[in-house]
Structure formats: structure tokens, C-alpha cells
Amino acid sequence: MSDYHALEPGTFVDDQGTVRTMVPSSVLAAVPEARAAAEGYGREVRFDFLDDDAVQWMLFQRREDTEKGSLLGCLLVVPLFVFGVGAWPFWDLVASQKSRQFQIVFIAVDALIVCAALLAVVLVRRRSLLDPVVRNVRCRARLYRKIVGIARKKGAEIPSLYPYYGMYATSRKFFPEAPERPMPEREESP
């Protein structure tokens, strides 16, 4: 789903592509510890975690980022799986019966292919992994997940898997100088 305005207010798309209902910010704000965390983290990352529209926009951006990474990851994991994991059965069934020279060439070529695939993964993802705008979204998503966890532990009625997505590895640092992605304007139909 690439159109933000196609989403109903109060909904978002999870990692599996399912449209989910957001937990209203009033549920989080009703828990004093979660409200304090939302306000504290909000000052830290310049974001209002108690604004449903802002959270919906952040979750939409997070989904777009995950979708891009998932597609590239799936394409690049195939050679890693074939030449990484597949090398062991090939070695056991074929290469171990061949000459020492064949075994050395096999190991060298397989290692070269695996290293090239890993390098391709890094180079393809490098731009988005270093983009401060995207990293800020990841940082905010991580903190939102923390706030929801606090509210859930303190008794708020929040589904156990909400917000239905995993953690980011590159979400620890916030970049205050990075520009914000503006929310797209709704296109007026003639």
C-alpha cells in the first residue's frame, strides 16, 4: 500500500501487509507511566507520540521502509542461501570425492560468491541505512513500541502483538538536523 490517503484514519499496515487498527493515543495517555514516557521520548526525538495523525504517518513511513528492505533482502538472500548453506551438502556429496585442486577451487569460488553477495547487500542497503530521515523514523518507531510496551505492562487494553512489527537494527541515534518528510497532501479530484 503506497498511498497514505488510501488508509482510513486510525489504521496502518503491518509488516505482513495487513491493515490494522491503531491503539488510540488516549489509551496510552491514560497510563501515567506511558504518558510520561511519550512526553519524554517526544522531547528527545521531536515527535508527539500522543497525536494519532502523527503516529499514523510515522507508521506509514515505517511500513514503506520495511517494504523496500524486504524486497531487496529477498532478492539478495537467494545467492547467500544457495552458496552459503548449499555449499555444505555439495561439499559432502560431490566435492569431498574430487581432487584436492577441485576442493580448493570450490572453496575459493564459493567464498568469493558469498562475499560478493554480502557486499551487494551492504551496498544496496547502505543509502537507506545511513539516511538520517529514514533513521529518525526508525528511532521514533522503536520508541513508540517502547511506549506501547509500558502501557501494556501497566494494564492498558492493548493487543499483545501491537504494533505488529519487529525492531530495527539501525534505530538508536536520532538526527535533530535531519529534515522531516512532509505528510503528502490529499489530491483533489476534479
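In this predicted model, alanine 111 lies in helix H5. Its relative accessibility is 36%, so alanine 111 counts as partly exposed. Lysine 146 stands 35 residues away from alanine 111 in sequence. In space, the C-alpha atoms of alanine 111 and lysine 146 are 40 Å apart.

A second pair of positions was also examined. Glycine 84 is found in helix H3. Glycine 84 is partly exposed as well, because its relative accessibility is 35%. Along the chain, 33 residues separate glycine 84 from alanine 117. Their C-alpha atoms are separated by 9.9 Å.

The largest nonpolar core has 31 residues. Those with the most contacts inside this core are Leu28, Phe49, Met58, Leu59, Tyr144, Ile158 and Tyr162. Four elements are named as giving two or more residues to the core: helix H1 (25–29), helix H2 (32–45), H3 and H6. The largest share comes from H6, with eight residues.

Aromatic rings were then paired. The count comes to nine aromatic pairs. In one of these, the ring centres of phenylalanine 47 and phenylalanine 49 lie 4.9 Å apart, with the planes at 70°. Planes over 60 degrees apart count as edge-to-face, so this pair is edge-to-face. Phenylalanine 47 has a relative accessible area of 13% and is therefore buried. Phenylalanine 49 is at 1% relative accessibility, so this residue also counts as buried. The cut-off for buried is under 20%.

Ring pairs also build a cluster. Its members are Phe12, Phe47, Phe49, Tyr144, Tyr162 and Tyr164. Phe49, Tyr144 and Tyr162 are also among the residues with the most contacts inside the largest nonpolar core.

Tyrosine 164 is found in the segment after H6. Its relative accessible area is 18%, so tyrosine 164 is buried. Arginine 20 lies over the face of this tyrosine, at 3.9 Å from the ring centre. The backbone of tyrosine 164 has a positive phi of about 60°, although the residue is not a glycine. A charge also sits over a ring elsewhere. The charged end of lysine 98 is placed over the ring of phenylalanine 102, 6.0 Å from its centre.

The peptide bond from tyrosine 162 to proline 163 is cis, with omega near 10°. Proline 163 has its place in the segment after H6. Arginine 46 has a positive phi of about 55°, and it is not a glycine. This arginine lies in the loop between H2 and H3. At 56% relative accessibility, arginine 46 counts as exposed, whereas tyrosine 164 is buried.

Empty space was examined last. Rolling a probe the size of a water molecule over the atoms shows where such space is left. The largest pocket holds about 300 Å³ of space. Its lining has 14 residues. Asp65, Lys68, Ser128, Asp131 and Val134 lie nearest the centre of the pocket. Helix H3 (52–85), helix H5 (100–130) and helix H6 (132–153) each supply at least two residues of this lining. The largest share, five residues, comes from H3. By class, the pocket lining has seven charged, five nonpolar and two polar residues.

The structure also holds one cavity of 30 Å³ or more. About 40 Å³ of space lies in the largest cavity. The residues that line this cavity are Gln61, Val133, Asn136, Val137, Arg140, Pro179, Glu180 and Arg181. H6 gives the largest share of the cavity lining, four residues. Three residues of the cavity lining are nonpolar, three are charged and two are polar. H6 supplies at least two residues to the lining of the largest pocket.

Conventions:
Residues numbered from 1 in each chain as written. Predicted model: local features only at pLDDT ≥ 70, side-chain atom pairs only at ≥ 80, totals over all residues. Heavy atoms only, no water. Phe/Tyr/Trp six-rings, centres within 6.5 Å; stacked < 30°, edge-to-face > 60°. Buried < 20%, exposed > 50% of the residue type's maximum accessible area, 1.4 Å probe, protein only. Lys NZ or Arg CZ within 6 Å of the ring centre and 35° of its normal. 1 Å grid on protein atoms, 1.4 Å probe; cavity = no way out; pocket = protein on both sides within 12 Å on 5 of 7 lines; lining within 4 Å. Points joined across faces, edges and corners; volume = space filled by probe spheres on them. Nonpolar A, V, L, I, M, F, W, Y, C, P; charged D, E, K, R; others polar. Core = buried A, V, L, I, M, F, W, Y, C linked by side-chain atoms within 4.5 Å.
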